[in-house]
Amino acid sequence: MAETVAGPAHEVADTVPEFPMPRASRCPFDPPPGLKELQEQGPLAKVRLWDGSEPWLVTRYAEQRAVLGDPRVSADTDQPGYPTKASAEAGEGKLSFIMMDDPEHARLRRMVTAPFAIRKVEALRPAVQRIVDGLIDDMLAGPGPGPVDLVEAFALPIPSLVICELLGVPYDDHAMFQDNTRTMVRTTATPEERGAATREIAGYLAGQIARRLTDPKDDLLSGIAGRVAAGELTHGQATEMALLLLIAGHETTANMITLGTAALLEHPDQLALLRDTDDPKLVASAVEELLRYLHITHLGRRRAVTEDIEIAGQVIRAGEGVIMVNEIGNRDPEVFEEPDRLDITRDARRHVAFGFGVHQCLGQPLARMELQVVYGTLYRRIPTLRLACALDDVKFKHDAFIYGIHELPVAW
Ligand code: HEM
């Protein structure tokens, strides 16, 4: 049995389970059964990582939010005890403010919050609707009723086009940054492969920023370049920030589109509700429920404890690592009734799919809007959409930092 903490009194056991854990083979939408077991046993458990280190895993919703809201835990990957995801993650610099603590985190984040405000994002909705409709037109105009790979034909282009437009990156260069991102988030990439991918995409963005230093435009990269000109950012910091926004802006939403579609196709009653409605509230509710039920950032929010803290009666020492696995936080029966049931009519807005605390997702209004347009359009426009292969044959991204689907053959 694993070392777990069941409330204030904790049991210490002889073996520590490894993390990450495998999902059950026929349940690609559910968290690994081993994680659910740990959650049942208590709010905290020790796990063993690839490098032999043994951070704490925080399994329950309330404790996850408590830790993520605590200023005594750090997102800085250089802090002693920080639980790294893979050997290749080390040594490639920081992905900007997502790996920093306040006040520097807040200073940098503030520089790029404006375009992600709800009002600004809502102004993009008609353009996103046009993109979604255009891609569906193209799919329908293609030869025959599929099969088509929904990832390439639909799910990747939508967020990529949107984040390119926001940043001001030419979409024609999408193959370069999509391929490199794929390498950067692949858990099996070697340090050399990940380093080369990071350098190529960072070099490209550094060039885009340099151009805007002399020839500013009306886009986010020009705003970032303006901070360099004002001496508020180094060129390197500006590049890391652009890299964070580009990667977070397309890889995440794309995976939610395909994973959400696959999950709905496996839950025809829920798909029918969504297909037959023109109520934007139900569509918005479906987006929240799918974000709760599925979880693409499946390797958890990682932090290092910088001062002793007490969680559920257990003291976690400065220098120890903690991992908040939000995918099981979102399946906590204390918070969500029948958590393993997909129910697009439930109020799932309290989910922690976008994290919690100061690092809570900056792009969430954009992601929500994109997903609302997608889920509110795709199944209405292609009501006979179906998987063009058995679910067992779908290649899920067990090998990536961001969970999702490599290829999703669909037909109609
Ligand atoms: C469904 C889509 C998305 C999901 C599930 C998601 C999830 C998350 C999560 C869980 C975090 C917290 C990380 C942590 O605490 O360590 C985060 C942070 C972040 N996300 Fe997203 N994200 C999504 C889409 C986006 C989009 C479209 C953007 C746009 C650029 C974006 C930009 C960011 C940024 C910049 C941060 C860092 C915030 C900070 O450290 O202050 N995300 N995201």
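I started at Gln-178 and looked for its contacts (C-beta atoms, placed from the backbone, within 7 Å). Leaving aside neighbours within four places in sequence, Gln-178 touches Leu-156 and Ser-160. I found Gln-178 in helix 8, residues 174–184. Helices here are DSSP runs of H or I with at least four residues, strands are runs of E with at least two, and both are numbered from the N terminus. I also checked the distance to His-250: that residue is 72 residues away along the chain, yet the two C-alpha atoms are 8.5 Å apart.

Residues are numbered from 1 along each chain as its sequence is written.

I looked up the confidence next. pLDDT is the predictor's confidence in each residue, from 0 to 100. The protein chain averages 92, and 95% of the residues score at least 70. Residues 1–12 are below 50, though this stretch has 34 contacts in the model beyond near neighbours in sequence. Residues 88–92 also stay under 50, with 10 contacts beyond four places in sequence. Where pLDDT is low, the predicted coordinates should not be read in detail.

Then the whole chain. I count 15 helices and 14 strands in the protein chain. Buried residues make up 45% of the 412 residues. The radius of gyration, taken over C-alpha atoms, is compared with a globule rule of 2.2 Å times the number of residues to the power 0.38. For 412 residues a compact globule would come out near 22 Å, so the chain's 21 Å agrees. Of the contacts between residues at least 6 apart in sequence, 71% join residues at least 24 apart.

On to the ligand. Which helix gives the largest share of the shell around the ligand? That is helix 11, with seven residues. Helix 11 (235–265) and helix 15 (364–381) each supply at least two shell residues. The shell has 23 residues, and the closest are Ala-248, Gly-249, Gly-355, Cys-361 and Gly-363. A residue counts as near when its C-beta atom, placed from the backbone, lies within 6 Å of the molecule.

Last, strand 10, residues 321–324. Both of its faces are covered: Gly-321 and Ile-323 are buried on one side, Val-322 and Met-324 on the other. Strands pair when DSSP finds at least two bridges between them. Strand 4 (residues 56–58) runs parallel to strand 10 and is joined to it by three bridges. Strand 7 (residues 301–305) pairs with strand 10 in the antiparallel sense over four bridges.

Notes: This is a predicted model: local features need pLDDT of at least 70, side-chain atom pairs count only at pLDDT 80 or more; totals for chains, interfaces and linings use all residues. Two residues are in contact if their C-beta atoms, placed from the backbone, lie within 7 Å. A residue is buried if 20 or more other C-beta atoms lie within 10 Å of its own, exposed if 12 or fewer, and partly exposed in between; C-beta atoms are placed from the backbone.
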